Amino acid sequence: MDEITIVIINYNGLELLKKYLRSVLDTDYPNKEVVVVDNGSKDGSVEYLKSLGVRVIPLDKNYGPAYARNVAIKTFKTKYMAFLDNDVYTPKDWLLPLYEVISSDERVAACQSLYTDWPYGEEPREIPWFSTAAALTRRDYIEKVGGFDDYLFFYWEDADLSWRLYRAGYKVLMVPKSKVLHEVHGTFKKLPSPFTSYLLMRNQLLLLLSYYNTEELLTLFPFILTARFISAFRPPNRKAKLKGIFSALANINYVINKRKQIREIEKVKENTFLNLLGDEIFGYPEMKSIREAISKRVVQRIR
């Protein structure tokens, strides 16, 4: 079996590491190494990891999860690299189903473990993006398309990478037979709430500005921008959300450079991943079609 580096990103997550790390170390896969990239923790996390003999890459401050994952991608040269959040419990058999799927098809760049309700059965299924909470990737494919965008810092950075992988001609799959338990937003709680509200708003709009074609920018984007602007006035963190909107719109140079980067790697010009956004799991139908999104909401209200 191929060697797999399992990368956990940590930021002041000592209690989460004590709660969940042991399950990762007990993963039933013979050729693995568990590595923690620590984003400048001040809570004793690094000392705890060293006491367990776990390999740790300590960073001097919190550069964000995207940057930390890129450090791992550049440091290790294994063909496959798994990513986990520090708040994930992994059963012993979580990794093998992912490996079996990704190693059987050269077009699969990433596959994700299941940690939510899933109405689509046990067979692998394409999804619009994989979550780095629990996923296995082809490390060289990620490196080929430019890695994670560390400007995004946190939120939507895994979607951005997934969309570049799609544009480069690869696929992203959910593998329901690989199941984990995720204490969602375990690290999120340690970040300042206005900051996370700002990132959520800014990064989604940057994503759409970067990937929409001209027609989508002229038709879909104004409606979504209007909807996000209206929603920004709802509490909490109104100022942070409005700041996120204006920051995205002011980031012209970022958008121009990102669109250029995408053109350089793209083999598939159609936004095929947008066709996957209307399902009940990902729930962003308006990114694909305003008409479909409105129809879906009307149907839900009638029910």
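1. Contact here means heavy atoms within 4.5 Å. With that in hand, look at Tyr99: leaving out residues up to four places away in sequence, Tyr99 touches Met1, Asp2, Ile4, Tyr29, Tyr80 and Leu136. Tyr99 sits in helix α4 (residues 95-102); helices (H or I, at least four residues) and strands (E, at least two) are DSSP runs, numbered from the N terminus. Tyr99 counts as buried because its relative accessibility is 12%, where buried means under 20% relative accessible area, exposed over 50% and partly exposed in between (1.4 Å probe, protein chains only). From Tyr99 to Ala110, eleven residues along the chain, the C-alpha separation is 10.0 Å.

2. A word on what we're looking at: this is a predicted model, in which local features need pLDDT of at least 70 and side-chain atom pairs count only at pLDDT 80 or more, while totals for chains, interfaces and linings use all residues. Residues are numbered from 1 along each chain as its sequence is written, and side-chain values use heavy atoms, with hydrogens and water left out.

3. Now the overall shape. The radius of gyration (taken over C-alpha atoms) is 19 Å, and the globule rule of 2.2 Å times the number of residues to the power 0.38 agrees, since a compact globule of 303 residues would come out near 19 Å. The C-alpha trace spans about 55 × 45 × 40 Å along its principal axes. Of the 303 residues, 56% count as buried. Take the contacts between residues at least 6 apart in sequence: 76% of them join residues at least 24 apart.

4. The chain has eleven helices and ten strands. Eight strands make an open sheet with mixed pairing, in the order β3-β2-β1-β4-β8-β6-β9-β7; two strands pair if DSSP finds at least two bridges between them. At the edges stand β3 (55-59) and β7 (125-126), each with a single partner strand, so one side of each has no neighbour in the sheet. β7 runs antiparallel to β9 (residues 171-179), joined by two bridges, and Glu126 stands opposite Leu173 in β9.

5. β1 (residues 4-10) deserves a look: seven of its seven residues are buried. Ile4, Ile6, Ile8 and Asn10 point one way, and Thr5, Val7 and Ile9 the other. β1 pairs with β2 (residues 32-39) in the parallel sense over seven bridges, and Ile8 stands opposite Val36.

6. Asp160, in α6 (residues 157-167), is buried with a relative accessible area of 1%. Its contacts, again beyond four places in sequence, are Asp149, Leu152, Leu207, Tyr211 and Lys258. Tyr198, in α7 (residues 193-211), counts as buried at 14% relative accessibility. Setting aside neighbours within four places, Tyr198 is in contact with Ala240, Lys243, Gly244 and Ser247.
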